[in-house]
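Hi,

Here is the structure I promised to pass on. Have a look at it first, and then read on for my notes.

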Amino acid sequence: MRIGIDIGSTAAKAAVLDGDEIAYTVVVPTGFNGVDAAMRLADDLAAWGLDPRTCQDDVVATGYGRVSVPYAGKTVTEITCHGRGAAYLFGDNGTVIDVGGQDTKVIQLANGKVRKFVMNDKCAAGTGKFLEVIADRMGATQEELARLASQGEPTQISSMCTVFAESEVISLIGKGEPRENIANGVIESVIVKVASLANNLVAGDVYLTGGLCENEYVIDRLSKNLGVPVTTNAHARFAGAIGAALSV
């Protein structure tokens with residue numbers, strides 16, 4: 001058994017590999033304290049039947065808060081783990097787009113290895129945090145935001161800064177702009193930012209990992225903006241944790 005722990009800024013994930021098969025996955029909110037999130041994952045894994053605190057040599061941590069996992073035998077960088085996890089899930093070649101809470105990563109894979117990568121980690125624009133902040137302002141979940149967007153007409157959100165964009169949304173709400181149109185403009189602004197980051201690295205098939213991989217509207221819009229199909233699967237949000245487990 002190998003255990004991968006991925007402590008992200010928004011969600012903390014664990015994946016257990018039994019040989020080369022995924023035996024168990026779990027996700028919890030990271031919250032304020034990465035150590036607390038890591039311990040909550042450990043408690044869940046222990047209840048499932050494998051306590052990572054008793055087998056540290058078989059535990060690898062990755063992600064934004066990888067140093068917050070006291071029971072990890074070692075830590076490995078996000079790019080390496082996301083690359084390995086994506087190669088495991090999708091194949092050795094292609095382009096991986098991971099939209100996380102804190103950053104967006106685009107990784108080009110060749111023969112199962114990271115060939116090139118680029119990250120947007122200086123600003124919340126084009127990340128899950130941007131959508132989370134705007135969704136909260138509109139009194140909607142991210143799922144509801146996507147549903148509204150699919151029913152709306154394009155509305156220009158000119159600022160990509162989260163703070164200024166939030167003010168812009170407040171102004172649009174005050175002017176009576178339909179929520180559907182605002183949601184459409186917000187998601188489109190994120191898609192354009194992600195597509196712009198990915199365009200120069202797209203080679204072969206394109207795969208989406210991270211928290212937005214379950215959002216069909218986002219996948220559809222990203223596919224149209226990139227001009228190629230974007231695919232994902234049920235385990236894609238655990239790519240980092242899977243890659244960490246593969247790094248044991």
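How are α6 and α7 oriented to each other: roughly parallel, roughly perpendicular or oblique? Keep in mind that this is a predicted model. The two helices, α6 at residues 179–198 and α7 at residues 216–226, pack at an angle of about 50 degrees. Angles of 65 to 115 degrees count as roughly perpendicular and those under 35 as roughly parallel, so α6 and α7 come out as oblique to each other. Their axes are 9 Å apart, and the crossing of α6 past α7 is right-handed.

As for who touches whom, α6 brings N184, I187, E188, I191, V192, V194, A195 and A198 to the contact, while α7 brings Y217, V218, R221, L222, N225 and L226. Sorted by class, that contact of α6 with α7 has 10 nonpolar residues, plus 2 polar and 2 charged ones.

Next, a backbone detail. Most residues other than glycine have a negative phi. N111 is not a glycine, yet its phi is positive, at about 55 degrees. You'll find N111 in the loop that links β7 (104–110) and β8 (113–120). Is N111 buried or exposed? Its relative accessible area is 63%, and the cut-off for exposed is over 50%, so N111 counts as exposed.

S68 sits in the loop between β4 (59–62) and β5 (74–75), and with a relative accessible area of 18% S68 is buried. The cut-off there is under 20%. Leaving aside residues up to four places away in sequence, S68 touches G34, V35 and A38.

Finally, the cysteines. How many disulfides does the structure hold? The count is 0. C55 is in no disulfide, and the nearest cysteine sulfur to C55 is that of C81, 17 Å away. A disulfide needs the two sulfur atoms within 2.5 Å. C55 itself counts as buried because its relative accessibility is 15%. C213 is in no disulfide either; for C213 too, the nearest cysteine sulfur is that of C81, 17 Å away. With a relative accessibility of 5%, C213 is also buried.

That's what I have for now. Over to you!

Cheers

Definitions and conventions. Residues numbered from 1 in each chain as written. Predicted model: local features only at pLDDT ≥ 70, side-chain atom pairs only at ≥ 80, totals over all residues. Heavy atoms only, no water. Axes fitted to C-alpha atoms, helices over the stretch in contact; angles between N-to-C directions. Helix = DSSP H or I, 4+ residues; strand = E, 2+ residues; numbered from the N terminus. Parallel < 35°, antiparallel > 145°, perpendicular 65-115°, else oblique. Left-handed = near helix turned anticlockwise from the far one by under 90°. Contact = heavy atoms within 4.5 Å. Nonpolar A, V, L, I, M, F, W, Y, C, P; charged D, E, K, R; others polar. Buried < 20%, exposed > 50% of the residue type's maximum accessible area, 1.4 Å probe, protein only.
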